[in-house]
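Below are a few notes for a colleague who is meeting this structure for the first time. Please keep the sequence and the model at hand while reading them.

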Number of protein chains: 2
Amino acid sequence: MEQIQTPEPNKRAKSKARSHQALIDATLEIIAEEGIGGASVSRIVEKSGLSRGMIHLHFETKEKLLVEAARSMADDYYRNLFEFIDAAPDLPAQRLIAMIDADLGESSLNAKTIAIWFAFRGAARAHNEFARYSDTRDRRLRDLFTATFAELLGNSADTPEVIDAANGTIALMEGMWADYFLHSGAFDRDAARRVVLHFIAGVLPESVGFRRIAAQSIR
Amino acid sequence: MEQIQTPEPNKRAKSKARSHQALIDATLEIIAEEGIGGASVSRIVEKSGLSRGMIHLHFETKEKLLVEAARSMADDYYRNLFEFIDAAPDLPAQRLIAMIDADLGESSLNAKTIAIWFAFRGAARAHNEFARYSDTRDRRLRDLFTATFAELLGNSADTPEVIDAANGTIALMEGMWADYFLHSGAFDRDAARRVVLHFIAGVLPESVGFRRIAAQSIR
DNA sequence: TATTTGAATGGACGATCGTCCATTGTCAAG
DNA sequence: CTTGACAATGGACGATCGTCCATTCAAATA
């Protein structure tokens with residue numbers, strides 16, 4: 001009987017996909033624990049439990065595997081961000097808070113992901129492919145913040161008020177990531193959230209009512 | 001005639017000191033251009049124009065040379081910071097602005113130093129010695145900001161208002177460094193300064209008069 | 001001037017790096 | 001069941017890594 005072309009991957013393809021992902025996962029784990037320098041071919045294949053030739057088979061080059069790993073970090077960040085945005089009411093103030101919560105939440109900001117982000121960034125000067133993903137993340141985030149502040153302030157997105165508010169907010173969150181990176185032990189997630197909301201409220205006119213909404217959301 | 005023991009270094013010691021510094025300088029330049037990974041023994045001795053055995057002679061280990069290079073970055077940062085602080089009037093608001101100007105000024109924030117700082121940070125997970133200098137820098141800065149905000153607000157240094165103001169300010173400046181790192185081409189130094197001052201003014205009570213002093217200093 | 005000191009040299013060393021490929025083993029098509 | 005396809009293996013390869021040390025040579029001392 002002629003079989004309908006199976007939509008689900010067959011055993012071969014499944015195994016291949018599993019190996020592909022195992023290499024990326026192993027690479028990220030090693031980078032988190034030992035930095036980019038520790039991510040040698042030998043360590044990666046050891047950690048993944050696969051054989052030496054797999055990196056060349058799946059990624060052609062170790063470099064390209066690292067780029068894929070960086071891309072996967074950026075993807076995860078955005079997936080989490082839009083989960084928060086989609087779950088929030090469609091009001092600019094609520095969306096703003098949702099974006100901050102996504103950025104400072106456990107799934108984006110934790111010991112493993114932060115170690116990986118800073119490791120990739122540190123190597124970005126040498127390998128601009130990494131920078132592309134650090135930068136892509138940043139550019140999309142900047143556009144989202146700019147649009148949200150424009151809506152919140154009732155201004156066009158190219159006014160100084162909007163641009164400054166977006167720049168300051170992004171800087172604040174970046175700074176909180178750096179704080180976490182340097183003192184993950186002492187870092188207080190709720191305090192970071194409170195400070196960010198407080199600083200943003202300070203630069204917005206009383207009339208937009210952000211202060212009240214932010215205050216309600218303080219935990 | 002018996003000569004008085006020369007207080008200035010003799011030719012030998014001078015040459016040794018020059019080589020010592022040449023190795024650190026070469027290392028920092030390579031890290032700025034090619035990242036930590038590019039700083040191999042071969043590259044360092046090539047760049048410095050010295051011979052292969054010098055790293056072992058002066059630093060015992062390449063690792064220790066990198067640590068010395070990181071320490072030299074932290075030293076430069078603090079030297080510049082205190083130059084600004086010492087030049088400022090002994091008033092908390094002026095000192096606060098001086099610290100921000102030191103942090104965002106050309107001598108601390110430029111393409112070379114930022115590339116180096118982020119490279120060291122990225123490798124900090126692997127080699128905690130680097131982290132010590134990133135962290136030392138941060139801790140002293142944090143203490144200075146906390147003391148200044150305490151004075152400005154007339155509160156003790158352990159009140160939430162003071163701690164939050166210091167945390168937010170440090171985060172803002174960290175974030176501006178990250179912005180510079182990711183978009184050194186598009187970065188606007190004066191805009192960054194304006195945003196930081198604006199955000200700080202927003203969280204301080206009108207009564208401390210920071211807004212007016214900050215506004216006067218906007219360029 | 002003769003001797004001692006130690007800064008500086010540069011090649012040798014084993015370890016590890018990333019890449020490549022002949023071979024193996026297993027799944028899917030014929 | 002046989003055969004072709006291909007995911008997977010793991011060792012070989014030259015290049016480069018960081019360390020070490022026998023040697024050189026100029027400066028300081030006697």
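1. Is the crossing of α4(B) and α5(B) left-handed or right-handed? In this predicted model, the crossing of these two helices is right-handed. The contact draws on Asn80(B), Leu81(B), Phe84(B), Ile85(B) and Ala87(B) from α4(B), and on Arg95(B), Ala98(B), Met99(B), Asp101(B) and Ala102(B) from α5(B). Sorted by class, these residues comprise seven nonpolar, one polar and two charged.

2. As for the geometry of that pair, helix α4 of chain B spans residues 62-87 and helix α5 of chain B spans residues 92-104, and their axes come within 8 Å and cross at roughly 150°. Angles over 145 degrees count as roughly antiparallel, and α4(B) and α5(B) are therefore roughly antiparallel to each other.

3. A second pair in chain B is formed by helix α9 (residues 189-203) and helix α10 (residues 210-217), whose axes come within 9 Å and cross at roughly 170°; α9(B) and α10(B) are therefore roughly antiparallel to each other. Here Leu197(B), Ile200(B) and Ala201(B) of α9(B) meet Phe210(B), Arg211(B) and Ala214(B) of α10(B), a contact with five nonpolar, no polar and one charged residues.

4. Two or more residues each come from α1 and α3 of chain A and from α1, α2, α3 and α4 of chain B, with the largest share, four residues, given by α1(A). By class, the surface near DNA strand D has five nonpolar, 10 polar and eight charged residues.

Methods:
Residues numbered from 1 in each chain as written. Chains lettered and ligands numbered in written order. Predicted model: local features only at pLDDT ≥ 70, side-chain atom pairs only at ≥ 80, totals over all residues. Axes fitted to C-alpha atoms, helices over the stretch in contact; angles between N-to-C directions. Parallel < 35°, antiparallel > 145°, perpendicular 65-115°, else oblique. Left-handed = near helix turned anticlockwise from the far one by under 90°. Contact = placed C-beta atoms within 7 Å. Nonpolar A, V, L, I, M, F, W, Y, C, P; charged D, E, K, R; others polar.
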